[in-house]
Amino acid sequence: FADNLNEALEKLKLASTDSATDSVESCLDCLLKALANNNTEASMKIQEMGVLPLLPTLLNPQSSCTPKVANIIAEVAKNEFMRSPCVEAGLIPPLIQLLNSPDQEVLLQTGRALGNICYDSHEGRSAVDLAGGAQIVAEHIKSLYQNTEPENEKLLTVFCGMLMNYSNDNDSLQAQLISMGVIPTLVKLLGIHSHNTALTEMCLIAFGNLAELESSKEQFASTNIAEELVRLFQKQTEHEKKEMVFEVLAPLAENDVIKLQLVEAGLVECLLEVVAQTVDGDREEDIAQLKTASDLMVLLLLGDESMQKLFEGGKGSVFQRVLSWIPSHNHQLQLAGALAIANFARNDGNCIHMVDTGIVQKLLELLDRHVEEGNVTVQHAALSALRNLAIPVVNKSKMLSAGVADVVLKFLQSEMPPVQFKLLGTLRMLIDTQGRNSIIHSSFKMK
């Protein structure tokens with residue numbers, strides 16, 4: 001096989017100069033076979049024999065060999081050690097030229113080649129950036145996203161992957177894609193192609209990339225991303241697929257406008273369902289999903305409008321469900337429940353209602369359980385909730401009568417500075433008669 005490869009490479013060197021298409025084609029077939037058999041070894045051989053610099057002349061839009069040449073470049077660029085040599089051999093400009101081809105197979109292989117060269121390669125990305133490749137690919141996606149034919153979906157998947165590899169972990173290239181307007185297009189694409197797993201996953205990874213950037217949130221908020229993600233989440237049955245959606249939801253939910261959109265799209269009901277399904281599970285994936293869902297729930301409550309919508313005057317079913325987490329035996333749920341109460345307790349009306357309906361007792365019972373068990377994050381969260389509830393003047397005497405000071409003082413022996421700090425804050429709030437004018441409610445987020 002090695003002899004065949006050597007022979008093919010020698011022939012290719014000769015054939016590429018006289019452009020005899022038939023002999024070039026058979027050499028290319030031999031190279032593709034060798035790459036399929038042992039990609040790393042064949043790639044090293046291609047590099048050693050100086051074949052890469054011959055390939056730009058073979059990337060001719062008119063030649064029938066072009067898809068195979070682009071395929072070979074895509075295959076060799078799977079190896080990290082080949083990406084810089086591909087750039088140095090001058091392959092990027094002719095590949096970018098091929099993005100203007102009307103031939104679907106040429107576009108597919110070219111997209112693969114560019115995507116692989118860009119993967120974790122600063123040189124690859126810079127060369128594509130310089131040649132304006134991302135703009136052409138973004139335009140292709142805009143013109144193709146409504147077409148649901150299988151071949152077209154394959155091409156869209158490759159193009160989305162190429163943009164993802166191009167911009168991954170690179171703020172300035174991500175900002176460039178955002179300014180090109182790729183977000184609204186990708187959101188529409190997700191809605192139309194949600195039946196296609198590969199394309200959906202590629203879209204989600206692209207969203208995850210872009211959502212980390214603050215400048216993306218405004219664009220996301222102007223689309224129906226919330227509805228699309230909630231719809232997609234409801235369809236998922238596998239843990240890994242749910243995690244992929246979660247990874248996009250978490251950064252997006254940091255934006256208050258999107259928080260409200262997610263609440264209105266029904267995300268909270270989905271999260272409560274995940275909690276119910278996983279709370280008694282002891283598999284690693286159950287524990288992970290429970291944490292992610294309850295963390296996200298607390299995050300949604302950080303927005304004033306989304307929090308108030310879920311509180312519903314203290315009668316909301318979501319508020320009631322979250323209350324039931326506090327007496328749970330699961331530390332993660334206890335923590336999320338206490339943090340949720342702290343976040344619901346961000347205005348006087350809510351605080352007064354909660355104290356009048358006996359929430360203080362639930363928090364004191366939770367703290368009592370943790371004097372011995374000593375889970376510091378739960379202690380801190382429960383004390384935070386009590387501190388917020390004690391802000392309205394009318395609540396102070398009620399909370400003191402309920403024995404809050406006695407329970408809180410049990411934690412004086414704690415050696416943890418965050419608990420000591422929160423404990424003193426809670427006690428100070430109980431005896432502060434100035435009320436809201438002197439205090440600003442704190443909101444709490446999962447660590």
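**Cavities, confidence and local geometry**

Mentor: Ala138, Ile141, Lys142, Leu163, Val182, Thr185 and Leu186 line the second largest cavity. A cavity here is a set of points on a 1 Å grid over the protein atoms alone where a 1.4 Å probe fits but cannot get out, and lining residues have an atom within 4 Å of a point. This is a predicted model, in which local features need pLDDT of at least 70 and side-chain atom pairs count only at pLDDT 80 or more, while totals for chains, interfaces and linings use all residues. Residues are numbered from 1 along each chain as its sequence is written, and side-chain values use heavy atoms, with hydrogens and water left out.

Trainee: Which elements give two or more residues to the lining of the second largest cavity?
Mentor: Elements are DSSP runs numbered from the N terminus, helices being H or I with at least four residues and strands E with at least two. By that rule, the elements in question are α10 (133-144) and α13.

Trainee: What is the volume of the largest cavity?
Mentor: The structure holds two cavities of 30 Å³ or more. A volume is the space filled by probe spheres set on the grid points, which are joined across faces, edges and corners. The second largest cavity has about 30 Å³, and for the largest cavity the volume is about 60 Å³.

Trainee: Which element provides the largest share of the lining of the largest cavity?
Mentor: The lining includes Cys160, Leu163, Met164 and Ser167. Its residues divide into eight nonpolar, two polar and no charged, where Ala, Val, Leu, Ile, Met, Phe, Trp, Tyr, Cys and Pro count as nonpolar, Asp, Glu, Lys and Arg as charged, and the others, Gly among them, as polar. The largest share, four residues, comes from α11.

Trainee: Which helix has the lowest mean pLDDT among the elements?
Mentor: pLDDT is the predictor's confidence in each residue, from 0 to 100. The protein averages 90, and 94% of the residues score at least 70. Helix α8 (residues 104-118) has the highest mean, 98, whereas the lowest, 67, belongs to helix α1 (residues 2-18).

Trainee: Is serine 294 buried or exposed?
Mentor: Serine 294 lies in helix α20 (residues 284-300). Buried means under 20% relative accessible area, exposed over 50%, and partly exposed in between (1.4 Å probe, protein chains only). Because its relative accessibility is 0%, serine 294 counts as buried.

Trainee: Which residues does threonine 278 touch, not counting residues up to four places away in sequence?
Mentor: Threonine 278 is in helix α19 (residues 267-278), and its C-alpha atom is separated by 7.1 Å from that of glutamine 289, 11 residues apart along the chain. With contact meaning heavy atoms within 4.5 Å, threonine 278 touches Asp286, Gln289 and Leu290.

Trainee: Is aspartate 120 buried or exposed?
Mentor: Aspartate 120 is found in the loop between α8 and α9 (122-130). Its phi is near 50°, a positive value in a residue other than glycine. Since the relative accessible area of aspartate 120 is 55%, the residue is exposed.

Trainee: Where is glutamate 312 placed?
Mentor: Glutamate 312 has a positive phi of about 45° although it is not a glycine. With a relative accessible area of 48%, glutamate 312 is partly exposed. Its place is in the loop between α21 (304-311) and α22 (317-323).

Key:
On a 1 Å grid over the protein atoms alone, a cavity is a set of points where a 1.4 Å probe fits but cannot get out, and a pocket is an open set with protein on both sides within 12 Å along at least five of seven lines; lining residues have an atom within 4 Å of a point.
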